[in-house]
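Me: I would like to go through the pockets and the ligand site of this model, and ask what each label rests on. Please set the values against the definitions.

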Amino acid sequence: MLFDFTTLPTKDRYKLITATVVPRPIAWVVTQDAAGVLNAAPFSFFNAVSSDPPILALSIGGATGAELNKDTLANIQATGQFTLCLVPEDALDAMNVTAINLPPEVDELAEAGLDTLPSSKVAPPRIARSPVAFECETHQLIPLGGNTLVLGRILALHVRDDCVLDAARHHVDTPRLGLVGRMHGGGWYLRTTDRVEVPRIPLPDWLARKQL
Ligand SMILES: Cc1cc2nc3c(=O)[nH]c(=O)nc-3n(C[C@H](O)[C@H](O)[C@H](O)COP(=O)(O)O)c2cc1C
């Protein structure tokens with residue numbers, strides 16, 4: 001079946017992209033407005049896109065209703081700072097609460113019963129239940145039309161102590177993080193427990209294998 005994206009309406013393009021580009025990691029973004037009101041929301045149009053410089057990218061769509069922007073984007077535009085946490089399975093329900101389209105003056109973290117911990121380089125705190133939190137400042141905001149691509153430069157990373165295997169060698173116990181990803185539709189997620197290992201093949205090994 002061929003789907004022609006040059007003629008499809010936005011909502012159908014969204015359905016096809018989100019049903020096929022899976023799994024997607026989830027950025028759980030904490031921001032503050034100019035008055036210091038906290039905001040949190042999940043974004044699965046998200047990934048790490050560069051380590052030099054260290055950049056995370058997320059795409060924020062237009063808000064529904066009277067607001068011009070989703071609160072997250074408005075806060076990033078106003079302050080240039082955010083904390084980007086990753087979502088463990090035991091926080092899925094709380095994450096879902098922070099996705100409710102609440103008015104800007106409502107602190108979604110309080111609404112979801114989530115505690116925070118202070119950040120070291122940016123004002124927005126991090127979500128205590130998240131085993132991974134990146135402190136970010138805006139690197140670039142790229143308007144895409146209905147969406148805005150936020151490129152965030154990583155200033156610091158927090159990894160929960162029991163998930164660090166060897167701090168000096170920067171080795172993390174990734175399975176222990178217990179992170180989830182987003183699947184298709186509005187409410188499907190997946191665990192990261194079903195893994196396969198495929199070691200990289202050095203060129204000499206590949207050439208030797210072909211000569212056999
Ligand atoms: C798992 C999940 C992933 C989401 N991903 C995105 C996304 O990539 N981009 C987006 O604009 N909205 C996304 N949303 C919707 C926002 O989280 C939702 O609009 C939220 O209310 C925005 O909050 P804010 O206005 O406080 O920024 C997602 C929702 C869920 C539950």
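Reply: A molecule sits in a pocket if more than half of its atoms lie within 2 Å of the grid points of that pocket. The model is predicted, and the ligand sits in the largest pocket.

Me: What makes a space a pocket and not a cavity?

Reply: A cavity is a set of points where a 1.4 Å probe fits but cannot get out, whereas a pocket is an open set with protein on both sides within 12 Å along at least five of seven lines. The space that holds the ligand is classed as a pocket, so by that definition it is an open set. Its volume is about 980 Å³.

Me: Which residues line the largest pocket, and which lie nearest its centre?

Reply: A lining residue has an atom within 4 Å of a grid point. The lining of the largest pocket has 36 residues, with Y14, F43, G61, G62 and K70 nearest the centre. Helix 1 (10–20), helix 2 (71–79), helix 3 (92–98), strand 3 (38–43) and strand 5 (54–61) each give at least two residues to this lining. By class, the lining holds 16 nonpolar, 14 polar and 6 charged residues. Gly counts as polar, so G61 and G62, both among the residues nearest the centre, fall in the polar class.

Me: How do you know which residues belong to the shell around the ligand?

Reply: The test is a heavy atom within 4 Å of the molecule. The ligand has 19 residues around it, and P42, S44, F45, G61 and T72 are the closest. Strand 3, strand 5 and helix 2 each supply at least two residues of the shell. Strand 3 gives the most, with 4 residues. The shell divides into 9 nonpolar, 6 polar and 4 charged residues.

Me: What lines the second largest pocket?

Reply: The second largest pocket has a volume of about 450 Å³. It is lined by 22 residues, and P25, L86, T174, L177 and L179 are the closest to its centre. Strand 1 (24–25), strand 4 (46–51), strand 9 (132–143), strand 13 (180–182) and helix 5 (174–177) each supply at least two of the lining residues. This lining has 16 nonpolar, 4 polar and 2 charged residues. Leu and Pro count as nonpolar, so P25, L86, L177 and L179, among the residues closest to the centre, belong to the nonpolar class.

Me: Where are the cis peptide bonds?

Reply: One runs from V22 to P23, with omega near -10 degrees, and P23 lies in the loop between helix 1 and strand 1. Another joins D52 and P53, with omega about 0 degrees; P53 is in the loop between strand 4 and strand 5.

Conventions. Residues are numbered from 1 along each chain as its sequence is written. This is a predicted model: local features need pLDDT of at least 70, side-chain atom pairs count only at pLDDT 80 or more; totals for chains, interfaces and linings use all residues. Side-chain values use heavy atoms; hydrogens and water are left out. On a 1 Å grid over the protein atoms alone, a cavity is a set of points where a 1.4 Å probe fits but cannot get out, and a pocket is an open set with protein on both sides within 12 Å along at least five of seven lines; lining residues have an atom within 4 Å of a point. Grid points are joined across faces, edges and corners, and a volume is the space filled by probe spheres set on the points.
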